[in-house]
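Trainee: Hi! Could you walk me through this one?
Mentor: Happy to, here it comes.

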Amino acid sequence: MVALTPISRKPVGFYVPTVAAAGAFLGLFVGTSQGSGILGILVGAIVAGALAFVLTQIVKNETVARWATVLAFAVIGLLLGGIPALVLGAIFGWFFAWFSFWLYEGRYRAKIAPYLTPGQVLWHFTFRVICGAILVFLITPILVVIPLSFNAENFFTFTPKMLSFDPEGYSLKHYRDFFTSSAWQGAVWNSIKIAPAATLLSVSFGTLAAIGLSQQHVPFRRAIMAILISPMIVPLIISAAGMYFFYSRVGLQGTYLGVVLAHAALGIPFVIITVTATLVGFDRSLTRAAANMGANPVTTFFRVQMPLILPGVISGGLFAFITSFDEVVVVLFVGSAGQKTLPWQMFTGLREQISPTILAVATILVVISICLLTVVELLRRRSERLRGMSPG
Amino acid sequence: MSDTVDATNIPGEKSGPMLAADGTPLKRSLRRALRRQKMSALLLIAPLLIFILITFIAPIADMLFRSVENEIVQDTLPRTTAILETWDSESGNVPDTPVFKALYQDIFIAQERKLHTRLGSRLNYELTGASSLFRKSGRGVGDIGEVYQDQFEDMNAFWKKGENWNDILGSDAWLAEIKSWKKASGQAQPPFEIRAQIAEILPQTAAFYQIFADFTQNEKNSNLYKKDPWELIYSAFYDDLTGANAARIDTYTGPGAAELSEAKAAAANFETVDYKAAFGDIDKDWLKMPIWDTIRAYSPRFTNGYFLNAVDMQKSENGPELRPENQRIYATLFLRTLFMSTVITLSCILLGYPVGWILANLPARTANLLMILVLLPFWTSLLVRTSAWKVMLQQQGVVNDTLVWLGIVADDSRLALINNQTGTIIAMTHILLPFMILPLYSVMQTIPPSYLRAAKSLGATNWTAFWRVYFPQSVPGIGAGSILVFILSIGYYITPEIVGGTTGTFISNRIAYHISSSLNWGLAAALGAILLAVVLGLYYAYDKIVGIDNVKLGG
């Protein structure tokens, strides 16, 4: 975004107190953790205010000022509290140096409309901070799990050794547990056996039906759609209860086939939704053109239609796969000990004796979901590109 | 299309319907093409539709059926329930001896088949103590029958042997077959056939003996010919000998005719059994009203009892009534589920709205980058997120540690963030937040930013511009997201189970408990049916507001 507003340097009376206020805010927390909140506020405000003044009025060169502050704060941190405080100090130093110049140069106004009142500018940034906090809330649990999984102790919090970045505080033992324990490995194998089979079933049935549903004239379209989407809407516990009752009547309860069928049913709505969405942009004249040139319907499907809707089919398949791979309620009821999947094993672990091995598994799953997310995102872009290329 | 129009449209052609290339009328040809299109569409959908109907809809239907199905009482106590229909329950009197006799016969057969304990646990859901009552009675009925058995056997040892009974009761053809049959041969045992004459003169004995024969041959897989009869047969035999048909016994000419006449003569002087008193001896609860009211109330094949139970009511003489105060749990649980789902939905709106706004108003590149922060939790395994919260919210967890370090919370008064409602609300808000942000974002993207600027240039304050111009346009997004989050949260099971403790659990946890621990499947099905009705109502609303075709996944 280009600069909207011409910027100018701000008077000392504006930015020094602002930086001092930020310093007081941080000082409050550091102060309370060290015993005295009021002292923290005072020291924080004075240090930050003085720093802002010195950097902008005496040092003036921004690059020098920033590195000098980072270094100084890091050294102070190291002296006061060892390695964790060094990191914290460096971050604080970087922040205050940046904040001082950002305010001093008036850079904060550059990208917002020139007619805003100072109150509105303040609200603009407060709002961004709030949004940032919410995004932090979204991502923190996932980020916290990852370092905790390398904990050398059987604790679920950061040990002092971990915080001081002592290599002894970290270990791969939970991963070793995971890869050597027969219970976990058995669960992984069950998941690997069940999820692809369920995905295959839901993708093949789902794609056919999605093609049928996207025809122009489909009788009872709404009703059929409602039935096909229902596994996604009905609460899992109800699906699980119904399947448990019904599958034990017909002898599928506790069998591999039963679990696969149940998971396939749960994955189908995702396939239907993604493939129908791709088919909305599909140009029907292409199939007619293919037929015109002498291709039979099967050839047309595999050579013309399929390559174009493939991204949708694959991302639907990924959704179905993740549904099955991540599913625990239904397998808990429909499966028996022989079909214990990874989520099931995690669930038992969480409910009974929680062991840090779960965090190692969680980290591995997070990495897998990052990969899947990337694939889906790439597919979506490819699909949009293909659609853009097709005429009409 | 009328002929005149045709004639004017196509001058020179003879008037008549428009024709397709092959000579059929165009209208019909078009209709046929349309029908073929519809058929091919249906054919493509059919496999999946059948698949879903079998693997998903049938189980749901089965669950709904189970919530009203109640065959066990009638199947286990067929004779008792039949006679009980004529019993006047309002008289306040326990039923008469014939009912107790039928009860004796039913329980005797049930305990041989080991079904009486199942009936006991079924009735125990309605009346505490029924389970032990039936278990006790199952042990006691043997003694009742022995009274007659002993008298017959003391009179003539002939009646001790299974062979003798079979010789009298079995048809000649069957007797010939069974005598030559060997278990070791591996062939199926020849099914028992009653002697026609006996069926006429000893109807009750014959009826019960057939049940006994069927049970011995098909369930026990033992040789019927060698098997001594149940005690029950002796009491039926006594009833026949002293009953209305007794006079015809002397006309019998088959095997054992002499013993039969002797038995008839002796039976008149036998000591008799008072069934009512005998059951009173087993347990005096049989002489009280509650058990009879319960059996009668639950004897129909279908019952609304599970549903009444699910809304904290019970059957009584004056129709359904509320349970006593201390037994009401489900209303609280339903209300709690609704309340917590509402709180979760509201906090999702509160947290999701600003994020949706900023994603919709930032330049596309930055927005896409921030979108990853929303999509990553969305794609991460539910159990990973739940375990992360379990780890973070513990007393010694990361959140408490940080708060203690910052001095906000004293070390000895760490916050209880888990195993209560707070834990469930925090974790589920986090888990369901992407489902709120994504629809909000897609709606907010379509609101032109110039509207806000126009409002402001017309003199609106920031707040007025937002509240009167922007917010109304974003309401569809809020609606879609809220219903989605509400539907998902109302049926959640995993997260409340792990972080909810006892006060933060939902109705779904109770359903799971009834399926796997208390085994009261009917009640679980009824609770599920109520929950399903609520969700389907919301689903209908969602379909009306958003349209199920417009569901989008992953932005």
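Mentor: Let's begin with Y539(B), which sits in helix α26 (residues 521-545) of chain B; helices here are DSSP runs of H or I with at least four residues, strands are E runs of at least two, and both are numbered from the N terminus. Before going on: this is a predicted model, where local features need pLDDT of at least 70, side-chain atom pairs count only at pLDDT 80 or more, and totals for chains, interfaces and linings use all residues. Residues are numbered from 1 along each chain as its sequence is written, chains are lettered from A and ligands numbered from 1 in the order in which they are written, and side-chain values use heavy atoms, with hydrogens and water left out.

Trainee: Is Y539(B) buried or exposed?
Mentor: Y539(B) is buried, with a relative accessible area of 10%. Buried means under 20% relative accessible area, exposed means over 50%, and partly exposed is in between, using a 1.4 Å probe and protein chains only.

Trainee: And how far apart are Y539(B) and V499(B) in space?
Mentor: They are 27 Å apart, C-alpha to C-alpha, and 40 residues apart in sequence.

Trainee: New topic: how many aromatic pairs are there over all chains?
Mentor: The count is 66. Rings of Phe, Tyr and Trp (its six-membered ring) pair if their centres lie within 6.5 Å; planes under 30 degrees apart count as stacked, over 60 as edge-to-face, and the rest as tilted. One of the pairs is F100(B) with F279(B), a tilted one at 6.0 Å centre to centre and 40° between the planes.

Trainee: What does that pair tie together?
Mentor: F100(B) lies in helix α5 (residues 97-112) of chain B and F279(B) in helix α14 (residues 275-282) of chain B, so the pair ties together parts that are 179 residues apart in sequence. F100(B) is buried at 0% relative accessibility, and F279(B) is buried at 0% too.

Trainee: Which residues in chain A form one aromatic cluster?
Mentor: That cluster is made of F14(A), W94(A), F95(A), F96(A), W98(A), F99(A), W102(A), Y108(A) and F125(A).

Trainee: Back to chain B, where is T205(B)?
Mentor: T205(B) is in helix α11 (residues 203-220) of chain B, and T205(B) is buried, with a relative accessible area of 0%. Leaving out residues up to four places away in sequence, T205(B) touches W165(B), I233(B), A236(B), F237(B) and D240(B); contact means heavy atoms within 4.5 Å.

Trainee: How many disulfides over all chains?
Mentor: The count is 0, where a disulfide is a pair of cysteine sulfur atoms within 2.5 Å. C348(B), for example, is in no disulfide, and the nearest cysteine sulfur, that of C131(A), is 15 Å away. C348(B) is buried, with a relative accessible area of 0%.

Trainee: What is phi of F220(A) near?
Mentor: Phi of F220(A) is near 55°, a positive value in a residue other than glycine. Most residues other than glycine have a negative phi. F220(A) lies in the loop between α7 (182-213) and α8 (221-233) of chain A and is exposed, with a relative accessible area of 66%.

Trainee: What about phi of L519(B)?
Mentor: Phi of L519(B) is near 60°, again positive in a residue other than glycine. L519(B) is in the loop between α25 (507-516) and α26 of chain B.
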